[in-house]
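These are my notebook entries on a single chain. I set down what I looked up, entry by entry.

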Amino acid sequence: MQSWSDIAVPTVPGSGPPLRLFDTADRQVRPVSPGPTATMYVCGITPYDATHLGHAATYLAFDLVNRVLRDGGHEVHYVQNTTDVDDPLFERAERDGVDWRELGTREITLYREDMAALRVLPPRDYIGAIESVGEVVELVDKLLASGAAYAVADAQYPDVYFRHDATEQFGYESGYDRATMDRLFAERGGDPARPGKRDPIDALLWRAARPGEPSWPAPFGAGRPGWHIECAAIALNRIGPEFDIQGGGSDLIYPHHEYSAAHAEALVAGRRFARHYVHAGLIALDGEKMSKSRGNLVFVSKLRNAGTDPAAIRLGLFAGHYRQDREWSDAVLAEALSRLDTWKRAAALASGPAAGDTIARLRQHLADDLDTPKALAAVDNWAQQALEYGGPDAAAPDEIGTAVDALLGIQL
């Protein structure tokens, strides 16, 4: 699948401290320690609707990770999927009277346009579920052979499930107790009441072919991939086990990330799927999480079409810490637009205060678990001094502009 166009990232002289991120599994902030090439997998969209600000907040958080790692001298092998075959896609297509493939193609195109407008660095590998079906079949076959998976005793629809107890460490990523797992499994796409399962929270690996649904051949019967195994297959085959960062929204911690990790770990015994599990907070509107079911979505494309500068969207979402659930409002956008205007006016000056300390603070705050509120405050302080007092350093505005572009993805 085609990614969006690459985005030039300027080089900032000097270097900052190594990146530290909160790891969900370890429940603490700790160093990210990649080799020369850092590896990152971030779960993508299910393309049945346009990109909303909840999506944008997640992908912007990992765009910062990408930028900080690059600023630290690393190459970044970034992989992202898109779940272009799944029940929500079929349901929306049926509701709207369009072919599900047409709907998926249209929304993926719009998503790419939104990401490019937001200046999100594109993944090296952007992989759809459809193009990875063969990889999923191979993994499911291995899980069946190892005893980590089983087919339900249902002659009509022999769906294949993963035994959640197939790995000794299952549950380490989320840290949830069984009652919480039961509740979230049912709320987030699981099928606990499916007859024939050995345990209610065993997760679907392969959905046997049903009338009217797309399917692909497999040794264990025609069908289509489950959700979690898709990400396990794509990540294992692009960046391998024990990659540096698995990322997504906090609503993916369980079951999605717990199971995608377990699927891979059942095949690569004793290895942790990712060294860091990193999750972004959710975005709310009027006190309610943005979700398609609530119908309270703010779409990136609609903001852009209304003339909103995408850089202001970035700044509005960076105003809160990436791990926090936070509100979007007209006031948040107004503050972001004002901040962007201030920064641009300061950067346009012929001279300004020395930039070195500001750039050092910007790097320090971003390296400290992406502390964007403090990073923005550092640039605010420089801009205020530049506008109020000026300065003798003619190079300072250019230096700040380069750093803000490289590290925050905002062109001044």
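Entry 1. I began with Pro255, which lies in helix α7. Helices (H or I, at least four residues) and strands (E, at least two) are DSSP runs, numbered from the N terminus. Most peptide bonds are trans, and most residues other than glycine have a negative phi.

**Entry 2. Basis of the values.** I note that this is a predicted model, in which local features need pLDDT of at least 70 and side-chain atom pairs count only at pLDDT 80 or more, whereas totals for chains, interfaces and linings use all residues. Residues are numbered from 1 along each chain as its sequence is written, and side-chain values use heavy atoms, with hydrogens and water left out.

**Entry 3. Helix α4 against helix α7.** I next asked at what angle α4 and α7 cross. The axes of α4 (residues 133–146) and α7 (residues 253–267) cross at roughly 65° and come within 10 Å. Axes here are lines fitted to C-alpha atoms, for helices over the stretch in contact, and angles run from 0 to 180 degrees between N-to-C directions. The crossing of α4 past α7 is left-handed; that is, the near helix is turned anticlockwise from the far one by less than a right angle, whereas clockwise would be right-handed.

I listed the residues that meet: Leu139, Lys142 and Leu143 from α4, and His263, Ala266 and Leu267 from α7. Contact means heavy atoms within 4.5 Å. The residues of this contact divide into four nonpolar, one polar and one charged. In this classification Ala, Val, Leu, Ile, Met, Phe, Trp, Tyr, Cys and Pro count as nonpolar, Asp, Glu, Lys and Arg as charged, and the others, Gly among them, as polar.

**Entry 4. Helix α4 by itself.** I checked the length of α4. Its 14 residues should span 20 Å at 1.5 Å a residue, and the end C-alpha atoms are 20 Å apart, which agrees. The expected span is 1.5 Å times one less than the number of residues.

Which residues of α4 are buried? I found Val133, Glu135, Val136, Val137, Leu139, Val140 and Leu143. Buried means under 20% relative accessible area, exposed over 50%, and partly exposed in between (1.4 Å probe, protein chains only). The cover over these buried residues includes β6 (149–151), β7 (160–162), β8 (203–208), β9 (223–225), α6 (227–238) and α7. After α4 comes Gly147, whose phi is positive, near 90°.

**Entry 5. Leu139.** I returned to Leu139 in α4. Why does Leu139 count as buried? Its relative accessible area is 6%. Leaving aside neighbours within four places in sequence, Leu139 is in contact with Ile229, Ala232, Ala233, Leu236 and Leu267. Leu139 and Ser260 are 121 residues apart in sequence, and their C-alpha atoms are 12 Å apart in space.

**Entry 6. Ala149.** I looked up Ala149 in strand β6. Ala149 counts as buried, at 6% relative accessibility. Not counting residues up to four places away in sequence, Ala149 touches Leu143, Leu144, Val160, Tyr161, Phe162, Arg163 and Leu205.

Entry 7. I recorded Arg27, which is not a glycine but has a positive phi of about 60°. Arg27 lies in the loop between β1 (20–23) and β2 (28–31) and is partly exposed, with a relative accessible area of 43%. I also recorded Asp369, not a glycine either, with a positive phi of about 55°. Asp369 is in the loop between α11 (356–367) and α12 (372–389) and counts as buried at 3% relative accessibility.

**Entry 8. Helix α12.** I looked up Asp380 in α12, which counts as partly exposed at 24% relative accessibility. Beyond neighbours within four places in sequence, Asp380 is in contact with Arg339 and Trp343. Gln384 is also found in α12 and counts as partly exposed, at 43% relative accessibility.
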